[in-house]
Amino acid sequence: MKKNILITGGAGFIGSHTYIALVAAGYVPIILDNFCNSNPIVLERLERISHLQLKFIKGDIRDSKLLGKIFLDYNISSVIHFAGLKSVGESVEKPLEYYDNNIIGTLNLLMAMRSANIQTLVFSSSATVYGNPVSAPISENFARCATNPYGRSKLIIENILEDVYQSEPGWNIACLRYFNPVGAHRSGLIGEDPLGIPNNLMPYIAQVAIGRRDHLNVFGGDYPTHDGTGVRDFIHVMDLAEGHVAALEYLYSKRGMLTVNLGTGHGVSVLQMIQAFEQASGMKVSYKIVNRRPGDVAECWADTTLAEQKMGWVARRSLQEICEDAWRWQSNNPNGFNS
Ligand code: NAD
Ligand code: UD1
């Protein structure tokens with residue numbers, strides 16, 4: 001029988017792509033989202049891609065009663081937990097909102113899961129838990145440290161999950177540390193749709209290419225990297241989505257607790273990304289090199305050996321595919337879901 005999976009935050013960027021990967025793998029995903037950072041139109045798009053009627057509940061993970069009812073009504077077998085706030089800068093301005101949503105929300109979810117006897121959880125962690133890593137590639141045993149409230153919320157949740165796993169038999173938990181998720185589903189129907197001015201590189205580049213922004217500011221040209229610009233591990237969001245399916249399958253078959261990096265294992269610089277995007281889109285991406293952004297590190301890319309060993313998962317899609325898919329999404333939807 002097909003397993004029902006609750007995806008909290010499933011209307012967001014990574015959750016919506018994971019919905020598609022779960023359907024393709026034969027699961028029945030059920031989305032819970034309060035739309036605080038997403039657009040309801042994504043639900044229609046998911047139905048168009050999957051040719052299935054979508055199961056959706058509008059609500060908040062901090063609503064215990066609602067969670068209890070969902071677990072009762074839907075015979076949920078496991079939870080993939082994406083719901084949370086994710087902007088580093090905003091977290092510095094509004095730490096209480098971040099701790100409330102991310103930490104209280106997760107505690108509430110865990111308590112509701114315990115009451116319903118659901119003990120399988122996949123959690124969205126982040127490479128941000130490595131703080132300022134001493135070198136790259138970064139493996140899972142590197143020291144963890146938080147440099148802002150967002151990162152601290154991920155670190156605290158990882159610690160809570162380790163404690164819960166130790167405290168009660170039967171829990172199966174995967175903490176997935178994402179590097180830089182980018183790109184879009186190849187249909188061009190769903191993708192990343194940040195509100196306001198994008199903080200992250202890829203949506204900014206795409207908006208320059210489509211003419212919504214004049215030029216990209218490249219933050220720092222004097223890093224000790226091969227071309228002086230920052231180096232990151234950009235992973236196609238569908239590869240990342242499939243990593244969640246691999247993690248679920250690991251938990252169902254091997255059980256236990258698993259903490260793994262989800263990245264490609266390759267670093268790409270900001271200038272390389274601009275060039276790849278220009279090639280894929282045929283558009284010019286104007287840029288200016290400006291001062292470094294405070295808090296940025298020179299290089300951050302993953303050692304992906306453990307994910308391959310444990311789950312048999314590797315990222316398959318190329319940088320060119322990332323840029324082509326991102327451009328298809330951006331050019332078909334110049335103003336995101338509200339185009
Ligand atoms: P997103 O903002 O697009 O998606 C999060 C979704 O959760 C949104 O649809 C939002 O409306 C919903 N949500 C937030 N708080 C909620 C609540 N209290 N109740 C119900 N729904 C709620 O973000 P994303 O990029 O898809 O990220 C998903 C997860 O992955 C987040 O936890 C984020 O911290 C983590 N992560 C993201 C990245 C990245 O680069 N995008 C990197 C590392 C980790
Ligand atoms: C950022 C977050 C990180 C989070 C990740 C999720 C910060 C400091 N870090 O990571 O916690 O997990 O997003 O995606 O916010 N760049 C420019 N110009 C821009 C935007 C970015 O040059 O307009 C550069 C940055 O300096 C960096 C690279 O592009 O070298 C990638 O930046 P970004 O996409 O913001 O991701 P991270 O900083 O790696």
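Some housekeeping: the model is predicted, so local features need pLDDT of at least 70 and side-chain atom pairs count only at pLDDT 80 or more, while totals for chains, interfaces and linings use all residues. Residues are numbered from 1 along each chain as its sequence is written, chains are lettered from A and ligands numbered from 1 in the order in which they are written, and side-chain values use heavy atoms, with hydrogens and water left out.

Helices here are DSSP runs of H or I with at least four residues, strands are runs of E with at least two, and both are numbered from the N terminus. Let's start with α7. Eight of its nine residues are buried, so α7 is largely enclosed by the rest of the structure. Buried means under 20% relative accessible area, exposed means over 50%, and partly exposed is in between, using a 1.4 Å probe and protein chains only. The buried ones are Met202, Pro203, Tyr204, Ile205, Ala206, Gln207, Val208 and Ala209. What do the buried residues of α7 pack against? They pack against β7, β8 (216-219), α9 and α11, where contact means heavy atoms within 4.5 Å. Just after α7, Gly211 takes a positive phi of about 95°.

The axes of α7 (residues 201-209) and α9 (residues 270-281) come within 11 Å and cross at roughly 40°. Axes are lines fitted to C-alpha atoms, for helices over the stretch in contact, and angles run from 0 to 180 degrees between N-to-C directions. The two helices are therefore oblique to each other; under 35 degrees counts as roughly parallel, over 145 as roughly antiparallel, 65 to 115 as roughly perpendicular, and the rest as oblique. By type, the contact of α7 with α9 has nine nonpolar residues, no polar and no charged. Ala, Val, Leu, Ile, Met, Phe, Trp, Tyr, Cys and Pro count as nonpolar, Asp, Glu, Lys and Arg as charged, and the others, Gly among them, as polar.

Helix α3 (residues 64-74) and helix α5 (residues 95-115) have axes that come within 9 Å and cross at roughly 40°. α3 and α5 are therefore oblique to each other, and the crossing is right-handed. Ser64, Leu67 and Phe71 of α3 make the contact with Asn108, Leu109, Ala112 and Met113 of α5. The contact of α3 with α5 divides into five nonpolar residues, two polar and no charged.

**Aromatic pairs**

A pair of aromatic rings is described by the distance of the centres and the angle of the planes. This structure holds five aromatic pairs. Rings of Phe, Tyr and Trp (its six-membered ring) pair if their centres lie within 6.5 Å; planes under 30 degrees apart count as stacked, over 60 as edge-to-face, and the rest as tilted. Two of the pairs are tabulated here.

| Pair | Centre to centre | Angle of planes | Class |
|---|---|---|---|
| Tyr130 and Phe179 | 6.4 Å | 35° | tilted |
| Phe277 and Trp327 | 6.0 Å | 90° | edge-to-face |

Tyr130 sits in the loop between β5 (120-126) and α6 (149-167), and Phe179 in the loop between β6 (172-178) and β7 (180-182), so the pair links distant parts of the chain, 49 residues apart. Tyr130 is buried at 3% relative accessible area, and Phe179 is buried at 6%.

Phe277 lies in α9 and Trp327 in α11 (residues 319-332), so their pair ties together parts that are 50 residues apart in sequence. Phe277 is buried at 0% and Trp327 is buried at 14%. Leaving aside neighbours within four places in sequence, Phe277 has contacts including Gly282, Val285, Cys323 and Ala326.

Which peptide bond is cis, with omega near 5°? That is the one from Ala136 to Pro137, and Pro137 is found in the loop between β5 and α6.

Phe35, a residue other than glycine, has a positive phi near 60°. Phe35 lies in the loop between β2 (28-33) and α2 (41-50) and counts as buried at 15% relative accessibility. His51 is not a glycine either, but has a positive phi of about 55°. His51 is found in the loop between α2 and β3 (55-58), and at 70% relative accessibility His51 counts as exposed.

How values were computed: Left-handed = near helix turned anticlockwise from the far one by under 90°.
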